[in-house]
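Q: I have a chain open and want to go through it piece by piece. Can you take my questions as they come?

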Amino acid sequence: VQLQAFGGGLVQPGGSLRLSCAASGSIFRINFMGWYRQAPGNEREPVATITFDRSTYYHDSVKGRFTISRDNGKNTVYLQMNTLKPEDTAVYYCVINDRGRNYWGQGTQVTVSS
């Protein structure tokens, strides 16, 4: 299973970015998909996750600003990030769980700075 993430970049505070992550390979049925992030000096933390039936979880710091969605037919997960803040700066990693095993993407840098 391979994951490829797109959409990171540099944005000013208050701006928006949309991340996407497509899974390919020997996939049976993805239980959940999600995004984690890791800022320098910090541990990796969950940002948002979505289950196969589209139940969602959001970290308190992103509630009301970020929206996670998925396309089961394309095995793709999206993260719409609005009203970005400097503290959102981090490397964002996508993750999927298929048959009880987690697979991670390569990470994409999001930098929020003026």
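This is a predicted model: local features need pLDDT of at least 70, side-chain atom pairs count only at pLDDT 80 or more; totals for chains, interfaces and linings use all residues.

Q: Is W35 buried or exposed?
A: W35 is buried, with a relative accessibility of 0%.

Q: Which residues of the largest nonpolar core touch the most other members?
A: That core has 29 residues, and those touching the most other members are W35, V47, F66, I68, L79, M81 and Y92. In soluble globular proteins, nonpolar side chains tend to be buried together.

Q: Which elements give two or more residues to this core?
A: They are β1 (2-6), β3 (17-24), β4 (30-38), β5 (45-51), β7 (66-71), β8 (76-81), β9 (90-98) and β11 (108-112).

Q: Take Y92. What does Y92 touch, not counting residues up to four places away in sequence?
A: Y92 touches L19, W35, Y36, R37, V47, F66, L79, M81, G107, T108 and V110. Among these, W35, V47, F66, L79 and M81 are also listed with Y92 as core residues that touch the most other members.

Q: Stepping back, how many helices and strands are there?
A: Zero helices and eleven strands. From the N terminus on, the order is therefore β-β-β-β-β-β-β-β-β-β-β.

Q: Why call the chain as compact as a globular protein of that length?
A: Because its radius of gyration is 13 Å, close to the 13 Å that the globule rule gives for 114 residues. Along the principal axes, the C-alpha trace spans about 45 × 25 × 25 Å.

Q: What share of the residues counts as buried?
A: 40% of the 114 residues. The chain exposes about 6000 Å², and carbon and sulfur atoms supply 47% of that area.

Q: And contacts with a separation of 6 or more: what share comes from residues 24 or more positions apart?
A: Such residues account for 52% of those contacts.

Q: Now the backbone. What is the phi of T83?
A: T83 has a positive phi of about 50°, although it is not a glycine. Most residues other than glycine have a negative phi. T83 sits in the loop between β8 and β9 and is partly exposed, with a relative accessible area of 46%.

Q: And R99, where is that found?
A: R99 is in the loop between β9 and β10 (101-104). R99 also has a positive phi, about 55°, and is not a glycine.

Q: What is Q2 in contact with, leaving aside neighbours within four places in sequence?
A: Q2 is in contact with A22, A23, S24 and G25. Q2 and W104 are 102 residues apart in sequence, with 8.0 Å between their C-alpha atoms.

Q: Last one, G64: buried or exposed?
A: G64 is exposed, at 84% relative accessibility, and its place is in the loop between β6 (56-58) and β7. The C-alpha atoms of G64 and M81 are separated by 9.6 Å, and the two residues are 17 apart along the chain.

Conventions: Residues are numbered from 1 along each chain as its sequence is written. Side-chain values use heavy atoms; hydrogens and water are left out. A nonpolar core is a set of buried Ala, Val, Leu, Ile, Met, Phe, Trp, Tyr and Cys residues joined through side-chain atoms within 4.5 Å. Buried means under 20% relative accessible area, exposed over 50%, partly exposed in between (1.4 Å probe, protein chains only). Helices (H or I, at least four residues) and strands (E, at least two) are DSSP runs, numbered from the N terminus. Contact means heavy atoms within 4.5 Å. The radius of gyration is taken over C-alpha atoms; the globule rule is 2.2 Å times the number of residues to the power 0.38. Accessible areas come from the Shrake-Rupley method with a 1.4 Å probe; for residues, only the protein chains shown count as cover.
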